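Reader: I'm new to this one and would like to go through a few places in it with you. Could we take it slowly?

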Amino acid sequence: MKSLLASLLLLLICSCQSGKRQASHDTSASGDTIRMKYSRLLTIVRHDHYTLVHIANPWRKGTILHSYVLTDSSYHGDLPDATRLNIPLRRMALFSTVQTSLMVDLGRSSSIAAVADRKYIKTPLPEGIADVGDSMNPDIERLMSTCADALFVSPFQNSGGYGKVGEIGIPVVECADYMEPSPLARAEWIRFYGMLVGAEQKAEEWFQHVDSSYQSLKSIAAKASSHPKVNMDKMTGNVWYVPGGKSTIGHMISDAGIRYPFADDQSAGSLSLSLESVMEHAADAPLWLFRYDQPHDITYAELASEHRAYNLFDAFRHRNCYGCNVMTTRFYEETPFRPDLLLNDFIVMAHPEIDQLQPLRYFKKVRE
């Protein structure tokens, strides 16, 4: 009972009224729509006293995943029926390493009240940030004690909601950026996140730089004299997961002037394939790029010990394999909002004849 009363008291103290929906007349038609250059999921309309944001449901075409009304805490007028967020957010609970890294890069680390899955976060964080444990099973009492004014989570298809996390009164920001159809569409979400934390101008400048850099690199790749075929990733247990043809990585492979054997696939996520299927389509690829997770750089001997069939791939036999160690790089934290950095890596690996590029940032050539 004492624990229950303490939790209820914390809930009252935190006063998470900002997350309640407020019904009123629909004024969305009278605002100024902010043009999104690439995003297909975000619709943002600015009004005199608030900004209305709709996130399209990526799994059910024609429906809305979530709507938010961004306003100042001092405003008490009529608002549309949407989740209210008083901006700038000052105490965020972040359940995604991607958004955690982004907030640090935007200069808003002081507004991070809590994080989940801290062991996976490579970005240095200031002292005093609460660790609420596993994002799939967080410490609810510790989360409530932070008095967070918003909780950032990654939604999943048919997830069935957020369990206890969705019941404690903290407004949930659904970070569906990873379901965008292209790298620049996902990166454009930084404009929305910048609005939430009072870094709108910095976010706009960031995105403009990324867009310009990415397009410049894409133009360079388009002039390449060759278009090598690539094999992606490697076996996990008995399954070989590869990026879907319409995933952000799939798009980036194409933008780098590389032929991808699964480019015709329509999936925006990953494909679960058998070894036989990958061998049929990619064993003759002269280039093999994969991600792995271990304390040191992988060797060909280690790669061969994982599966004897790897010896049958042309890229392995000709020693043209590159690995990205996600344990020692910020691959997952940086690339969603800096796709230009990863595109540079792809072009360097596929087109060594191009010499005006930056050195590899995430990938390294596999050593003997």
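Reader: Which backbone oxygen does the side chain of H351 reach?
Author: Bearing in mind that this is a predicted model, the side chain of H351 reaches the backbone oxygen of A256, at 2.8 Å.

Reader: And where is H351 placed?
Author: H351 lies in the loop that runs between α12, residues 339-350, and β19, residues 363-365.

Reader: Is H351 buried or exposed, and why?
Author: H351 counts as buried, because its relative accessibility is 0% and the cut-off for buried is under 20%.

Reader: What does H351 touch, leaving out residues up to four places away in sequence?
Author: With those left out, H351 touches A224, S226, P228, A256 and G257.

Reader: You mentioned α12; at what angle do α6 and α12 pack?
Author: Helix α6, which covers residues 200-222, packs with α12 at an angle of about 15°, and their axes are 9 Å apart. That angle makes α6 roughly parallel to α12, and α6 passes α12 in a left-handed crossing.

Reader: Which residues meet there?
Author: From α6 there are V210, S213, Y214, L217, K218 and A221, and they meet P339, D340, L343, N344 and I347 in α12.

Reader: Changing topic, how many disulfides does a search of the whole structure find?
Author: The search finds zero disulfides. C321 is in none, as the nearest cysteine sulfur, that of C324, is 14 Å away.

Reader: Is C321 buried or exposed, and what about C324?
Author: C321 is buried, with a relative accessible area of 0%, and C324 is buried with a relative accessible area of 0%.

Terms used. Residues are numbered from 1 along each chain as its sequence is written. This is a predicted model: local features need pLDDT of at least 70, side-chain atom pairs count only at pLDDT 80 or more; totals for chains, interfaces and linings use all residues. Side-chain values use heavy atoms; hydrogens and water are left out. Helices (H or I, at least four residues) and strands (E, at least two) are DSSP runs, numbered from the N terminus. Buried means under 20% relative accessible area, exposed over 50%, partly exposed in between (1.4 Å probe, protein chains only). A polar contact is a pair of N or O atoms within 3.5 Å; within protein, one must be able to donate a hydrogen and the other to accept it, and residues adjacent in sequence count only if both atoms are side-chain atoms. Contact means heavy atoms within 4.5 Å. A disulfide is a pair of cysteine sulfur atoms within 2.5 Å. Axes are lines fitted to C-alpha atoms, for helices over the stretch in contact, and angles run from 0 to 180 degrees between N-to-C directions. Angles under 35 degrees count as roughly parallel, over 145 as roughly antiparallel, 65 to 115 as roughly perpendicular and the rest as oblique. A crossing is left-handed if the near helix is turned anticlockwise from the far one by less than a right angle, and right-handed if clockwise.
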